[in-house]
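Have the sequence and the 3D view ready.

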Amino acid sequence: MRKPIFVAEGKLRLQEINKASNISDIATDLGNSDSRVEEKNISLKTEVEIISSTPLVKQTINKLQLKDNTGKYLRSQDIINNRLAVSGIKGTDLILVSYQDVNPKIAANFVNTLMNLYLNNNSSLHREKVLENRQLIKKQLPQAENIVSKSELALRRFKEKNKVLSVREETVKLVDSLRELQRKISEQKSQLAGIKAQSQTIQNSLGITAEEVVVLTSLSQSNSVNQILQNIQQVEGKIAEKSTILKVDHPELLNLENKLISLEKTLGTRIKKVAGERKKAVRRSLNFGGFKQQLSLKLIDLEAQKQGLKSEIEALSTLENSYQQRLNNLPKLEQQQRQLERQLQNVQSNYSVLLKKLQDNKISENQNLGNAQIVARAEFPERPISSRVLSYVGSGLLGTLFFITTVCILEVRDKSIRTVEQAKNLTGLTLLGIIPEFGKSSELFPDIGEVEPGNIHLIMNNHPNSPVSEYYRMLRANLKFISSVKELNIIVVTSSVPNEGKSTVAANLAMVMAQMESKVLLVDGDLHHPVQHQAWKIPDNQGLSNVVLGQFDLKTAAKQVKPNLDVLTAGKEYIDNLHIFDNDFSPPSPGLILDSKQMGNLVKDFAANYDFVIIDAPSLSIAADAGILGNLADGILFVVRPGVVDLANAYFAKEFLEHSDQNVIGQVVNGATLNPKRRRQHNFLRNYKFSAST
């Protein structure tokens with residue numbers, strides 16, 4: 001027997017440092033929970049190693065003056081190896097520190113001293129880290145401020161260069177201005193059309209063209225031409241006056257006529273320079289008198305108005321084009337402005353974050369806190385730990401060795417999949433759901449009736465409020481989450497070997513989808529061993545094989561069993577009956593039926609008439625029908641039942657799915673045995689009544 005040994009224990013809590021003191025934040029997403037747990041475990045292990053490190057233990061020995069019988073200080077390595085135990089408490093952020101000694105007072109003092117020294121060391125390291133972070137932030141602040149200034153300058157220059165204040169307001173104003181311009185142009189064009197019509201009428205009356213009117217306008221504005229015309233009129237008046245009193249050959253009358261000829265020649269020369277080939281028409285127009293003269297003047301005025309309207313329309317059209325071009329460029333300018341504004345907002349946000357972190361670091365440094373605290377100090381142990389006789393130790397070692405050997409032998413001989421983790425690691429597929437074991441053989445759900453192997457238990461129909469039904473609802477929710485990334489309308493359910501419950505999973509999954517007010521079709525695609533008609537208690541004389549062979553249509557063969565749920569059986573009985581009555585009839589094999597063109601067209605009809613289609617396919621060890629159906633569907637749901645499937649069949653199924661290039665959306669572990677924690681939860685939940693909306 002040896003002296004009694006006392007053990008003193010203390011507890012430390014390791015808590016996360018304020019994340020504001022870090023330079024970068026950790027983004028929160030769906031996939032970072034596991035990484036945080038792993039990081040937490042690593043942090044606990046690190047602190048455990050620090051607490052049990054040689055320098056810290058040596059400081060504790062020196063402070064407590066711990067010496068052996070010879071008066072020498074105890075060796076730190078001996079204490080670490082034989083007396084000190086430091087470990088993290090599983091599932092918590094606590095660290096347990098224990099120390100063994102024959103003296104209970106020394107044991108408690110050692111633990112408390114070690115924890116105090118660790119806290120002091122932890123606070124110093126924390127201060128150093130905070131100071132380092134602050135210095136780094138100070139270095140980054142000028143750079144961030146410079147980036148903010150450059151972004152503000154770039155945005156201001158963009159606005160000044162493109163004359164942009166508010167793109168939306170400018171767009172509204174431009175649209176209104178374009179409408180007003182188009183209205184004015186339309187009015188001007190209407191006036192121009194009216195003036196053209198009047199001008200054409202007058203031209204027809206006078207017998208001159210618009211070009212002649214332009215020439216006539218130029219001549220009418222010439223002072224010299226007007227003077228010649230006045231002189232011609234005066235001479236013609238004198239000739240008319242003298243003709244009444246003088247003879248034709250009178251010299252004065254002849255002189256007037258010569259003068260008139262000279263004036264007309266001069267006028268003709270002037271007109272020829274301006275009018276050219278239109279000389280005669282213009283000359284005739286100049287001689288208009290009375291009413292025609294007024295029309296000629298009116299025509300000249302109309303031409304002037306027409307030219308003015310044309311000039312105004314041209315100016316308005318030019319302005320309209322410039323407005324339209326500006327309006328067309330505004331979306332591009334708006335996009336550039338938004339990019340610059342987002343860039344400015346981002347850099348301003350980064351700058352603000354740096355300022356906040358700097359302030360938080362100052363506060364954290366002033367607080368002088370670490371990330372650990374003492375939860376429970378060690379007290380003097382009142383009772384020693386039990387003494388062990390050497391024979392007990394020997395027998396314990398032999399028993400342990402025998403136990404390990406037995407376990408190894410059983411493990412080598414057992415080739416079956418036993419746990420959820422084994423199924424997950426072997427297949428490498430995404431775990432979409434776990435259906436627990438139920439019935440008389442289950443410790444959690446013995447009140448749910450037992451089902452014979454190979455039959456289907458409609459949990460969602462017979463026990464819709466049981467906790468087991470919630471697992472099917474979780475499976476449906478996971479499938480819905482996957483379908484948000486890639487649409488899943490047609491799903492094939494299969495397994496490695498029979499009796500894994502793939503038909504039960506398919507039936508209950510179809511029913512839980514129908515309960516969510518989706519139109520669902522459950523297809524019994526297992527033409528070798530169909531069971532869905534037995535589960536739903538419907539005849540199997542009109543089913544999948546009959547529809548593919550053209551004996552019935554889909555609407556006739558599909559039977560409604562529940563609201564929003566139709567079932568299409570395998571239809572094997574009808575083909576068997578034909579075979580009985582007609583000895584020459586040879587029904588096609590299931591593989592030929594499923595791999596036919598008619599089957600492909602039928603699957604398209606499924607997708608057109610139903611929101612979801614669940615196909616119960618044969619096990620992969622029976623036939624390759626699941627692979628054929630998988631090529632027609634959106635994905636395959638793989639069912640694994642621990643204790644039923646072995647490693648060889650599971651590996652074969654995995655290789656088949658990989659080599660046939662199937663889209664396997666995930667796996668469901670059926671008939672799983674829950675761990676103790678889950679058992680406690682369900683022992684609590686089973687006392688409450690579940691509703692369909694839970």
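Two strands count as paired if DSSP finds at least two bridges between them. Helices (H or I, at least four residues) and strands (E, at least two) are DSSP runs, numbered from the N terminus. Keep in mind that this is a predicted model: local features need pLDDT of at least 70, side-chain atom pairs count only at pLDDT 80 or more, and totals for chains, interfaces and linings use all residues. Residues are numbered from 1 along each chain as its sequence is written, and side-chain values use heavy atoms, with hydrogens and water left out.

So what's there? Strand 1 (residues 6-14) pairs with strand 4 in the antiparallel sense, over four bridges. Across that pair, Leu12 stands opposite Ile374 in strand 4.

Zooming out, four strands make an open, antiparallel sheet in the order 2-3-1-4. Strand 2 (84-88) and strand 4 (372-376) are at the edges with a single partner strand each, so one side of each has no neighbour in the sheet. From one strand to the next, the twist averages 25°.

| Helix | Touches | Angle |
|---|---|---|
| Helix 3 (residues 76-83) | strand 2, strand 3 (94-101) | about 105° with strand 3 |
| Helix 4 (residues 104-162) | strand 1, strand 2, strand 3, strand 4 | about 20° with strand 1 |

Now pick out Ser98, in strand 3. Is Ser98 buried or exposed? Its relative accessibility is 12%, so Ser98 counts as buried (under 20% relative accessible area; exposed is over 50%, partly exposed in between, with a 1.4 Å probe and protein chains only). Beyond neighbours within four places in sequence, Ser98 has contacts including Val7, Leu84 and Val111.

Note on methods:
Axes fitted to C-alpha atoms, helices over the stretch in contact; angles between N-to-C directions. Contact = heavy atoms within 4.5 Å.
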